[in-house]
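Dear colleague,

I am passing on a structure that I would like you to look over when you have a moment. My notes on what was found in it follow below.

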Amino acid sequence: MDNEKRMTMWCRMWNEDPSLAYDLMSDDCVQWSNRSAGLDTVIGPDQQERFIAAYRARHVNIFSPRVCVDAGDRFAYLWDVRKADGQVLTGIDVNILKDDRVHENWTFVAERHCAQSDPGPEAAETTGPAAIEELCHRWMQLRNGRVELALDVVTDDFDLFSGADPVSDAHGPSELADLIKRQAQTDDPPAFTIHRRPIVDPTRGHVALLWTAETSVDGTSVGGVDLLTVRAGRFARAWSLTGARPFRY
């Protein structure tokens with residue numbers, strides 16, 4: 001099964017057929033959600049099928065996959081969910097495979113919807129996987145206050161979607177640098193570090209990375225995710241979603 005089919009089936013599992021968990025998940029698959037601990041104890045397809053059946057009895061939500069990041073044994077994707085009241089939210093899932101099944105899953109739901117159209121595959125031949133991974137590390141340096149890197153890391157027409165609110169969106173390197181400066185001026189700005197390895201898809205020109213934000217004063221730690229598109233060695237689009245709790249794994 002390829003990862004584009006997996007992301008579509010994962011959405012179908014939540015939309016209509018909880019039994020698809022047996023085709024998608026390893027027996028010891030674990031899950032983490034950015035908003036609550038509800039999925040922490042749901043392990044493997046048996047528990048997943050029961051959890052989703054109970055969930056669907058309370059919620060009528062429809063999930064639709066959007067942008068895929070495929071790195072073979074790891075993949076991530078952007079998605080939308082439409083709730084019964086018509087509200088639409090955007091989210092990101094990150095997955096690690098074991099024996100051709102999802103073994104670890106991280107789910108992030110934003111506070112809002114990204115209404116921008118999805119990008120097509122970029123000219124991936126201009127940026128190899130090692131260069132994309134290095135770009136991810138420079139992206140984290142930028143987020144940690146190295147604002148002079150903005151011109152080298154993002155394109156002139158760069159767009160950042162923040163899952164929290166429109167105030168944290170940014171367009172172009174200048175707005176992104178100003179946003180990072182404002183965040184650094186808060187009482188206890190967090191330090192960002194990459195969690196696990198970036199998921200690099202040079203064929204599509206996409207990359208996804210989990211990260212941890214930790215404050216220095218009170219030691220609060222939360223998990224987050226960025227999904228980005230690459231064009232000619234720089235980031236052209238970014239979706240950034242922050243969690244309300246730390247990673248468990």
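Which elements each supply at least two residues of the lining of the second largest pocket? Please bear in mind throughout that this is a predicted model. The elements in question are the helices α1 (3-15) and α3 (44-58), together with the strands β1 (25-33), β3 (74-82), β4 (88-98) and β5 (101-109).

This second largest pocket has a volume of about 530 Å³, and of the 23 residues that line it, Ser33, Tyr55, Phe63, Thr107 and Val109 are the closest to its centre. Sorted by class, its lining comprises 12 nonpolar, 8 polar and 3 charged residues.

Asn15 has a relative accessibility of 13%, and because buried means under 20%, it counts as buried. Its side chain reaches the backbone nitrogen of Phe63 at 2.7 Å, and Phe63 is itself among the residues closest to the centre of the second largest pocket. When neighbours within four places in sequence are left aside, the contacts of Asn15 are with Arg56, Asn61, Ile62 and Phe63.

Turning to the largest pocket, its volume comes to about 660 Å³, and its lining is made up of 36 residues, with Arg143, Gln183, Phe192, Trp211 and Thr242 lying nearest the centre. Two or more lining residues come from each of α4 (129-143), β6 (154-162), α6 (172-184), β8 (191-201), β9 (206-214) and β11 (234-242); of these, α6 gives the most, with 5 residues. The lining of the largest pocket divides into 19 nonpolar, 13 polar and 4 charged residues.

As for the chain as a whole, it contains 6 helices and 11 strands. Its radius of gyration is 18 Å, close to the 18 Å that the globule rule gives for 249 residues, so the chain is as compact as a globular protein of that length. Taken along the principal axes, the C-alpha atoms fill a box of roughly 50 × 45 × 35 Å. Of the 249 residues, 53% count as buried, and among the contacts with a separation of 6 or more, 55% are between residues 24 or more positions apart.

With best regards

Definitions and conventions
Residues numbered from 1 in each chain as written. Predicted model: local features only at pLDDT ≥ 70, side-chain atom pairs only at ≥ 80, totals over all residues. Heavy atoms only, no water. 1 Å grid on protein atoms, 1.4 Å probe; cavity = no way out; pocket = protein on both sides within 12 Å on 5 of 7 lines; lining within 4 Å. Points joined across faces, edges and corners; volume = space filled by probe spheres on them. Helix = DSSP H or I, 4+ residues; strand = E, 2+ residues; numbered from the N terminus. Nonpolar A, V, L, I, M, F, W, Y, C, P; charged D, E, K, R; others polar. Buried < 20%, exposed > 50% of the residue type's maximum accessible area, 1.4 Å probe, protein only. Polar contact = N/O pair within 3.5 Å; in protein donor to acceptor, adjacent residues only side chain to side chain. Contact = heavy atoms within 4.5 Å. Rg over C-alpha atoms; globule rule 2.2 N^0.38 Å.
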